[in-house]
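Thank you for asking me to look through this entry; my comments are meant for someone meeting it for the first time. Please have the structure open while reading.

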Amino acid sequence: MEKTSINFAPATAESQPENSLAGWLRLQKTLAERSGISLAALSRDGAVIGRIENDNSICQTLRVDPSYAPLCAADCGTAYDRATQAGQCIGYTCHAGLSCFATPVDVSGKQIVILGGRAFISRTNYENFLDNYDELSQVRSGECLRNVSFVRPTELEQTSMLVISTADSHFASCEAQRALPVEAEEVPRGLLDAHLEIIRLTDQLESRKRALGQFYDFLRGVASTLDSQRAYHHVLAKFREILHAGRSSLMVLNEDSGELRLEAALGSGPESTGPVRLRLGEPIAGAVLQSGSPLLVTDVQTDGRVSHNRSAAYKSCSFISYPITVGQRKVGVVNLTDRLDGGPFREEDLSMLDLMSPHLALIIDRTEWHRRAEAYQRMSLTDPLTSLPNRRYLEDRLFEEVERSKRYGTPLSFLIIDVDHFKNFNDIHGHTNADRVLIKTAQILRGSVRAIDTAARFAGDEFCVVLPETDIRAAASIAERLRSSVNRTEFQTERDESIGNVSISIGVTSFGPACQSPLSIIQAADRALYRAKTRGRNCVSVFEELNSAI
């Protein structure tokens with residue numbers, strides 16, 4: 001082996017074994033910091049010599065938990081015996097899904113075992129851990145995920161080989177130093193090569209750790225919002241930042257229609273304008289989600305998977321289309337294009353997406369469930385024929401406004417509206433055209449009231465309007481305007497034949513000494529409506545007039 005002369009501090013033969021181990025522990029710390037994985041030296045009884053470097057936060061949590069400590073002891077606790085019996089480096093995956101290696105090392109005729117890894121090498125292992133250990137509060141809160149390592153299998157294998165060669169070179173050089181005069185000490189070139197290899201890996205691994213740290217910090221922030229557009233735009237902005245993409249978009253699958261719809265896009269270009277929908281199997285995003293495999297294109301001009309018509313849409317030569325899934329269920333697709341440095345996306349970028357996509361899937365799931373819940377709530381409070389709020393919503397709104405008027409002394413008025421002779425429309429023109437009368441009337445009401453007012457369908461051919469900050473005289477004026485607007489409108493059948501003019505009768509009341517509750521307000525307006533009907537319909541009647549007539 002080629003050797004290079006380097007001067008070391010003098011060491012006696014008696015202190016050499018101890019110093020060689022102490023030197024290894026310092027070197028082990030450097031290896032752990034630079035590689036991003038956990039490393040520990042184990043003695044014959046399986047105890048840790050010194051400390052565990054870059055200890056995994058999952059391991060810290062599980063090995064002190066009464067339910068999981070025995071499993072940890074069965075995995076890493078027996079690593080010394082299994083490695084020494086094998087006489088070589090062994091690899092295994094622990095009960096939490098973390099990949100580890102253990103290699104025996106000779107130290108002056110005695111053996112220690114270097115235990116390393118404790119990292120996830122696949123997205124599946126990480127997802128399984130989150131599912132299988134979700135009863136732990138530290139998992140739900142994210143506390144035990146603060147220092148988790150993610151590496152590819154080849155990276156873990158290369159790192160284990162680096163640890164083995166470094167340890168062998170270190171202890172071999174220490175043995176050689178014992179046999180040489182101090183002034184002639186030499187160090188094998190292999191040890192220097194090992195340190196150079198550490199430096200070579202540093203930038204890549206440190207960059208990955210920083211990016212993941214930023215992403216997990218981001219997740220804690222975005223978890224507080226349930227606004228779908230805000231959450232999705234925040235996610236895409238972070239993906240662009242970490243992967244240096246000029247444009248990014250998110251498409252979410254509608255399981256009912258089997259279509260991908262564009263939910264959010266950042267950056268200029270076709271992705272950010274107009275509605276976009278794709279069916280499963282359609283290029284490019286639909287095909288990616290259907291296959292479940294990501295598409296990494298380094299050069300759109302030469303890649304046969306991209307049509308020439310599509311290649312012109314990209315500013316740079318490379319893009320990624322990545323499927324988002326939860327188990328076997330398809331969720332959506334993330335698209336990243338136009339890398340800012342002009343270069344192609346790489347396999348390392350796919351590895352980052354492998355680590356981030358499970359969290360994105362959970363964000364999409366939570367956001368879509370919240371969106372559906374809101375839609376169902378709106379449906380439960382909306383009249384399906386007219387799309388106005390229904391009676392349930394009206395009563396809640398009226399209650400809120402009555403309480404507000406009591407508290408602040410503000411005026412409040414209320415209208416009940418009835419379509420005159422509505423039964424005749426059913427008898428003459430049929431139910432479908434009678435429904436068109438209700439729909440058109442609802443449109444007139446919606447377009448004639450203020451933003452703070454609430455127009456709702458009360459029952460059958462009756463409508464109501466809540467008028468906050470409105471006294472009885474202003475309410476009567478609004479009611480007359482509504483009556484006139486409906487009466488001037490020409491109503492038509494579904495065949496565009498004239499139904500003729502429609503008239504309405506309106507009862508008006510307001511919050512006051514005689515009407516202190518929602519029920520009393522509704523009853524007073526109903527009495528006023530009855531008076532309007534008895535007066536010949538197509539008119540407005542105010543509850544105050546009834547008081548003076550009684």
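Predicted model: local features only at pLDDT ≥ 70, side-chain atom pairs only at ≥ 80, totals over all residues.

1. In it, five strands form an open sheet in the order 16-17-15-20-21, with mixed pairing. Strand 16 (454–459) and strand 21 (540–542) stand at the edges, and because each has a single partner strand, one side of each is left without a neighbour in the sheet. From one strand to the next, the twist averages 20°.

2. Strand 15 (residues 412–419) and strand 17 (residues 462–468) run antiparallel and are joined by seven bridges. Within this pairing, Leu-415 stands opposite Val-465 of strand 17, while Ile-417 has Phe-463 as its bridge partner.

3. Strand 17 also pairs with strand 16, again in the antiparallel sense, over five bridges, and here the bridge partner of Arg-457 is Phe-463. The hairpin formed by strand 16 and strand 17 has two residues between the strands, and Gly-460 takes a positive phi near 55° there.

4. How many residues of strand 17 are buried? Seven of its seven residues are, and both faces of the strand are covered: Glu-462, Cys-464, Val-466 and Pro-468 are buried on one side, and Phe-463, Val-465 and Leu-467 on the other.

5. Helix 16 (residues 518–534) lies across strand 15, strand 16, strand 17, strand 20 (504–510) and strand 21, and the helix runs at about 140° to strand 20.

Conventions. Residues numbered from 1 in each chain as written. Heavy atoms only, no water. Pairing = 2+ DSSP bridges. Helix = DSSP H or I, 4+ residues; strand = E, 2+ residues; numbered from the N terminus. Axes fitted to C-alpha atoms, helices over the stretch in contact; angles between N-to-C directions. Contact = heavy atoms within 4.5 Å. Buried < 20%, exposed > 50% of the residue type's maximum accessible area, 1.4 Å probe, protein only.
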